[in-house]
Amino acid sequence: MKPLSHLFITFVLSGISVISYAQQSGSTLLKNVSLIDGTGSVIQKNVDILIQGDRISRIQKGITNPTATQIDLSGKTVIPALISAHTHVGTLKGNTSDEKNYTRQNILRHLKRYQDYGINSILVMGTDRQIIFENGLRDSTVTGLLPGARLFSAGYGFNTPDDNPASWMNLLLRPKTPEEVPAMMEKLALLKPTVVKIWVDDHGGKARKMKPEIYKAIINEAHKRGIRVAAHLFYAEDARALVNAGLDIIAHSIRDKEVDTELLHLMKQKNVIYIPTLALDKYLFAYAEKPEWINDNFFKTSLEPGVYEMITSKDYQDKIKTSPDFEKNKMASKMGMTNLKKIYDTGITVALGTDSGAFPIRAQGFSEHLEMELMVQAGLTPMQVISIATLNAAKALQINDNLGSVQVGKKADFVILNDNPEQNIKNSRTIRSVWKDGKEVSKAAAEN
């Protein structure tokens, strides 16, 4: 006779199988949509999308399927679910960003917020902690067993031996010599990170840069294990040295000067992915200038409790205006936008990422839509930006076989918009509903 515990496990697993089959066997037919599929192709007008289980089965005009649940979406636009390739989760709570906030409940709350804003997959860049690996939380989000955005992780990032910056995330790896790197990388590799994150720059002169011999060792050890490396940086010359050392992803804008032809060609030759995080730079000064979106519910709903009151207070805004870095930050933002246009026009892969969630002023969810608006302001077209925020970001996470575009055979991950973003990228904010794995999972963000 089987032990009771074994019988219970068998029953539970059988139940899961039945539920899974039931969920996957249904079909849904979306009628008369305008489709922007994420590949850069022209918009398809008045097409139908047949979803079977969690996959897209057919896309064409005039599909009939009497067994499918039919939804008429005349006048609506479908785009792929957004993917943010540079975020942070779990540490925000109210006006604080602290390791004490990093709990399962808080992480899931943040993942749900991203999803409410049409973002179904995120890459957390180097500030995760043990609990997402020890209890299977990360893997459960990726496989769709938990609600909210899928969480892809860079594990524990590499920084300098200084306690600052990011001292509150004390799991950061801080090698003092290249010889310490292999053992650290071996432990990190056990977590199967999507990428390895390194902090290289001097954080505005407030910290020492990572030594070249250290980051070269990190890149080499990561590549030995088949893991790519993404760098937090600011300066063009650091970018040049890192790309020459084998860097795979530039995770922030180059903001000190315009990139030259040599660096552009080097980045393209090495197939470097560029994540500009324009919203990060905008937030450093925007609140002092009272941007037009500051009272928009789509923005306010994305904030942690108490943050709106903080950023709209006279004391906070005066502090930004009188900061010695105020003009410097504005110039860096402008340079980042200039370099984005040059980099994109060179044919380098640009992917969406915002660094949202690192600090309370970087709103999770809204930042990704602001990023797209800033990219258009930098000179890209809305259609180019949508591809950057979907298929290109999927390529950055190496999940583009299943996600990042609305195409036959891929997962049914998409956002239904009330208005068309083809001419006005801000229409990405007119979210009617968000779908993940063939199911509607969220309504309009500002209403949640």
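## Packing of helix 7 and helix 8

The axes of helix 7, which spans residues 236–244, and helix 8, which spans residues 261–269, come within 10 Å and cross at roughly 35°, and the crossing of this pair is left-handed. The structure discussed here is a predicted model.

On the side of helix 7 the contact is made by Ala236, Ala239, Arg240, Val243 and Asn244, and on the side of helix 8 by Glu262, Leu263, Leu266 and Met267. Sorted by class, the residues in the contact of helix 7 with helix 8 comprise 6 nonpolar, 1 polar and 2 charged.

## Positive phi at Lys290

Most residues other than glycine have a negative phi. Against that background, Lys290 has a phi near 50°, a positive value in a residue other than glycine. Lys290 is found in the loop between helix 9 (278–283) and helix 10 (297–300). With a relative accessible area of 56%, Lys290 is classed as exposed, because the cut-off for that class is over 50%.

## Positive phi at Asp437

For Asp437, too, phi is near 50°, again a positive value in a residue other than glycine. Here the setting is the loop between strand 17 (431–436) and strand 18 (439–443), where Asp437 lies.

Is Asp437 buried or exposed? Asp437 has a relative accessibility of 9% and therefore counts as buried, since that class takes in values under 20%.

How values were computed
Residues numbered from 1 in each chain as written. Predicted model: local features only at pLDDT ≥ 70, side-chain atom pairs only at ≥ 80, totals over all residues. Heavy atoms only, no water. Axes fitted to C-alpha atoms, helices over the stretch in contact; angles between N-to-C directions. Helix = DSSP H or I, 4+ residues; strand = E, 2+ residues; numbered from the N terminus. Left-handed = near helix turned anticlockwise from the far one by under 90°. Contact = heavy atoms within 4.5 Å. Nonpolar A, V, L, I, M, F, W, Y, C, P; charged D, E, K, R; others polar. Buried < 20%, exposed > 50% of the residue type's maximum accessible area, 1.4 Å probe, protein only.
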